[in-house]
Amino acid sequence: MSELSKNQLLDAYRMMRTIRDFEVRVHDEFAKGGIPGFVHLYAGEEASATGICMHLNDEDRIASTHRGHGHCIAKGVDVMGMMAEIYGKETGTCKGKGGSMHIADLDRGMLGANGIVGGGPPLICGVGLAHKMRGTDGVGIAFFGDGASNQGTTLEAMNLATVWNLPCIFVVENNGYAETTSSEWSVSCDSYADRAAGFGMPGTTCDGHDFFAVYETAGEAIKRARSGGGPSFIEVKLNRYYGHFEGDSQTYRGDNEVEKIKAEKDCLMLFRKRVTEANLLDASEMDAIDKEVAELIDESVKKAEAAAEPSVDTLLTDVYVSY
Amino acid sequence: MSDSIRGITMPKWGLSMKEGKLLEWSVNEGDEISKGDEIADVETEKIASAVEAPASGKLRKIVTENDTVYPVGALLGVIADDSVSDDEVNAYVEKFLAEFVPPEDDDEEEVSASEFIDINGLNIRYVSKGEGDDTILLIHGFGGDLDNWLFNHDDLVARTGKKVIALDLPGHGQSSKSVGDGSQDFLADTVIAFMKAVGVDKAHLVGHSMGGAVALNIASKQADMVNSLSLICSAGLGKEINLEYLDGFISSDSRKQIKPFLQQLFADVDLVTRQLINNMLQYKRLDGVTAALQQIKDGFIEGASQKKQFNDVLGSVSKASVIWGAKDQIIPASHKDNISGGNVEVLSVADAGHMVQMEAAKEVNEAIANTVA
Amino acid sequence: MARKITYQQAVNEALDQEMARDPSVIVMGEDVVGGQGSPGEMDAWGGVLGVTKGLYAKHGDRIMDTPITESGYIGAAVGAATCGMRPVAELMFIDFMGVCLDQIFNQAGKFKYMFGGKAETPVVIRAMYGAGFRAAAQHSQCLYSVFTHFPGIKVVLPSTPYDVKGLLIQSIRDNDPVMFLEHKMLYTLEGEVPEEPYTIPFGEANLVREGGDVTIVGFGRMVHLAAEVADKLAKEGISCDVIDPRTTSPLDEETILESIENTGRLVVVDESNPRCSMASDIAELAATKAFSSLKAAIQTVTAPHVPTPFAASLEDAYIPSVDQIEAAVRKVLK
């Protein structure tokens with residue numbers, strides 16, 4: 001914690017706050033009927049994306065999941081473009097062709113949210129391989145959920161990363177549920193760290209509500225990868241505040257489960273408490289960020305609503321580089 | 001068996017020809033034919049052309065079916081005068097068929113016939129045929145290669161008894177695709193260096209199109225290395241040139257794109273066969289070819305005109321001929337009128353285009369033979 | 001162009017020359033080197049049929065063995081391609097697509113579109129296809145029509161050594177994901193191939209035979225059977241256009257339609273199973289875009305709607321034959 005400068009702490013807070021406000025606002029607007037399709041929200045998990053991506057630069061790449069907004073924001077994807085994309089507008093990050101589940105910005109090292117559970121980990125082996133072959137110190141991070149942790153693609157990718165000694169980090173964001181199914185039930189091992197050991201890589205579990213815990217755990221793994229030490233596995237234990245997707249009645253969850261977490265473990269709350277108690281930041285500084293972020297999100301929604309839908313002329317473009 | 005029986009066999013045009021498809025006869029059994037007459041159409045991998053009668057007499061028998069492939073050397077028909085009986089003709093055919101062995105599919109032949117030599121770091125491919133102290137050097141045109149002399153190379157050896165060498169210019173055929181600065185001087189200097197490297201101090205230069213300009217440039221630089229000049233639809237004798245053809249040829253990358261341009265090369269557009277187009281595309285698709293052609297074009301063209309004219313050089317050569325297909329669509333045949341002075345024979349071939357040495361090989365070969373005599 | 005090499009050597013030469021030309025070209029697959037981590041020699045196999053043999057000696061670690069983990073390494077190839085590498089991943093038999101298809105069609109094939117045009121994924125996936133090897137149902141399928149169905153993927157089916165080299169070099173230099181499918185029965189086929197690198201553009205059919213009576217469109221190995229039939233019938237005065245599309249995506253519709261407009265008669269020869277095949281696709285093309293030119297019902301010659309059998313008698317009956325093609329041509333001429 002001491003290694004983070006004041007500016008970095010403010011950045012971390014701003015990043016988490018931006019993700020939170022973004023997701024809460026999408027939740028509200030979706031309920032009003034303004035957003036098409038379906039969306040999967042990251043609210044509650046902000047410390048994970050932020051704690052990990054704070055270590056990364058544009059050369060490092062991440063692969064994300066269907067629950068990808070938080071990873072996008074943490075990796076530096078433009079919030080205005082993201083909101084417009086979720087609204088299916090021509091000003092969107094992907095010109096309205098991808099939507100919530102496919103937001104990507106390769107210039108920022110964001111290799112895409114991914115609609116296929118377990119789609120990302122093999123791709124990240126490729127990212128790691130490219131860095132290794134070029135002799136750079138870049139890394140690839142595969143974010144996936146507890147559901148994807150059981151996919152063959154994830155397990156194949158972990159094996160391959162060790163066999164090829166790739167600079168890859170496999171991050172399972174264990175929010176306890178694969179759609180409605182509890183990870184307690186669906187994951188065969190007691191601890192993900194045990195599973196990592198089976199693939200010949202270090203595995204660590206950290207508290208995903210605690211930005212600092214995630215930041216430190218990720219820092220070690222990323223340092224190791226950058227220096228040629230090979231892949232690592234991180235289990236981030238956290239909770240999602242909303243359903244699997246918007247409109248999920250969440251009858252599978254326990255009574256007051258989410259309320260309790262929000263009251264006791266909210267990552268933003270814990271962050272504020274910790275930095276103010278340690279006199280690292282003033283509450284007023286964070287309040288100012290809250291205000292700026294609220295304005296930013298407000299503006300992003302207004303702009304997204306006002307933007308035009310993609311012209312039908314673009315239906316047939318962007319399929320191939322040349323055909 | 002009478003000596004007056006002559007078999008007509010599948011000709012061999014160029015090194016790689018192993019077989020040809022007999023399309024149809026243009027004469028019938030019983031017709032009187034004269035030596036040199038075009039009597040049957042044959043299509044090969046490279047080009048379609050006509051079989052010429054090897055002797056004069058009556059076409060007694062046709063032993064082929066139309067649209068059928070026959071190996072080089074296979075019997076196509078029999079010429080004999082009326083003193084020969086039908087039985088004798090039939091016996092000739094039977095004996096021929098019994099004894100005929102098709103040439104083996106021997107790839108070594110072409111490999112060994114085709115030689116490569118390093119000229120200033122460039123790998124230059126050439127084919128040398130015939131023996132003799134006197135040498136004829138065949139220089140193809142823009143986008144061509146030594147196969148452009150398919151109907152000339154062997155025949156010139158036979159007619160003149162001289163050594164005949166054909167080469168692939170840099171950027172062309174199987175030679176290196178690097179073309180230096182792409183200038184006319186680069187090409188001429190490379191050919192001069194090539195001549196020295198293969199031990200030819202002096203040669204009869206035969207140039208087609210751009211190859212004609214290369215020959216003229218050599219004559220202007222090293223008159224002592226030139227015995228005579230035979231210029232066929234030559235560049236370097238006027239300003240006009242079909243720029244649309246040059247640009248179209250360079251930029252075309254598909255069968256459909258290139259076909260109309262290749263058709264401009266011939267008076268008879270049917271000569272532009274599927275195989276000819278494919279061969280041209282195969283060349284054009286080699287790495288570096290498009291860039292090389294563009295560079296060479298830039299070296300030859302300024303604005304819409306040929307950069308250099310060598311008419312005065314032609315006048316100073318001891319012996320020269322200027323041969324043109326009257327229907328040339330690439331370089332105007334009127335350029336043959338731009339010649340004054342010197343010992344220059346001018347030949348215009350009525351029904352031929354820019355590739356006159358292919359379309360009217362006999363006339364062109366005769367003219368070259370006269371020039372080098 | 002005198003030198004002759006085999007179809008298989010043409011694959012090797014294209015890979016070799018492109019690896020030499022461009023350091024971002026890498027090759028990966030199961031046993032493409034062979035002997036990785038084993039006590040014996042490296043480069044033990046060079047691929048299951050020896051296609052990549054010798055590349056390890058020249059290019060070292062840029063050709064790499066993978067564990068048997070198709071999803072893992074096909075996905076890795078796709079991911080590396082998004083980072084500017086030009087990976088050529090060998091999926092040994094196309095039948096193995098079942099264990100890695102997501103990485104091909106949901107990931108590689110869609111990135112560009114989903115990401116609003118901003119991603120390029122220049123990956124090549126090579127695989128063997130086709131029956132005739134007595135390799136039975138899980139090692140003999142064609143499946144190219146499956147990939148042809150996917151937007152964002154290009155599909156290449158070379159039929160000659162010349163086409164192999166030019167199309168593979170084009171595939172590697174191409175900036176889209178390419179399925180490069182090699183018929184295993186053609187590996188020993190010899191043909192003239194220039195020693196220099198060259199490319200053949202995608203979407204240009206090869207007119208293998210030219211004739212005016214019947215159009216035969218063949219794919220991959222079937223091109224050779226179609227040409228054999230055309231040569232036989234030419235002696236009877238029946239002349240056929242034999243068209244080898246060379247790539248099924250993009251498809252040179254123009255050449256096929258022009259030929260049908262000229263002949264009015266179409267036979268399609270496709271070694272695949274018949275439903276939703278290239279045969280049905282070309283028949284649809286003719287029926288919708290050249291209907292008024294057709295003088296006879298379109299004939300398709302395909303494998304039957306069964307898995308590829310093992311026993312010689314059954315497999316021989318399964319693969320479209322010269323006799324079936326000839327019969328189809330005669331039928332459209334009736």
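β5(C) gives the most to the lining of the second largest cavity, with three residues. The model is predicted, so that local features need pLDDT of at least 70 and side-chain atom pairs count only at pLDDT 80 or more, while totals for chains, interfaces and linings use all residues. Residues are numbered from 1 along each chain as its sequence is written, and side-chain values use heavy atoms, without hydrogens and water.

Three cavities of 30 Å³ or more are found; a cavity is a set of points on a 1 Å grid over the protein atoms alone where a 1.4 Å probe fits but cannot get out, and lining residues have an atom within 4 Å of a point. Two or more lining residues come from each of β4 (86-93) and β5 (124-129) of chain C, strands being DSSP runs (E) of at least two residues. Seven lining residues are nonpolar, one is polar and three are charged.

The contact (heavy atoms within 4.5 Å) takes 26 residues from chain C and 20 residues from chain B. Four salt bridges cross this interface, each a side-chain nitrogen of Lys or Arg within 4 Å of a carboxyl oxygen of Asp or Glu. One of them joins Glu204(C) to Arg285(B) at 2.8 Å, N to O. On the side of chain C that touches chain B, β9(C) provides the largest share, four residues. The residues of that side comprise eleven nonpolar, three polar and twelve charged.

Note on methods
Chains lettered and ligands numbered in written order. Nonpolar A, V, L, I, M, F, W, Y, C, P; charged D, E, K, R; others polar. 1 Å grid on protein atoms, 1.4 Å probe; cavity = no way out; pocket = protein on both sides within 12 Å on 5 of 7 lines; lining within 4 Å. Points joined across faces, edges and corners; volume = space filled by probe spheres on them.
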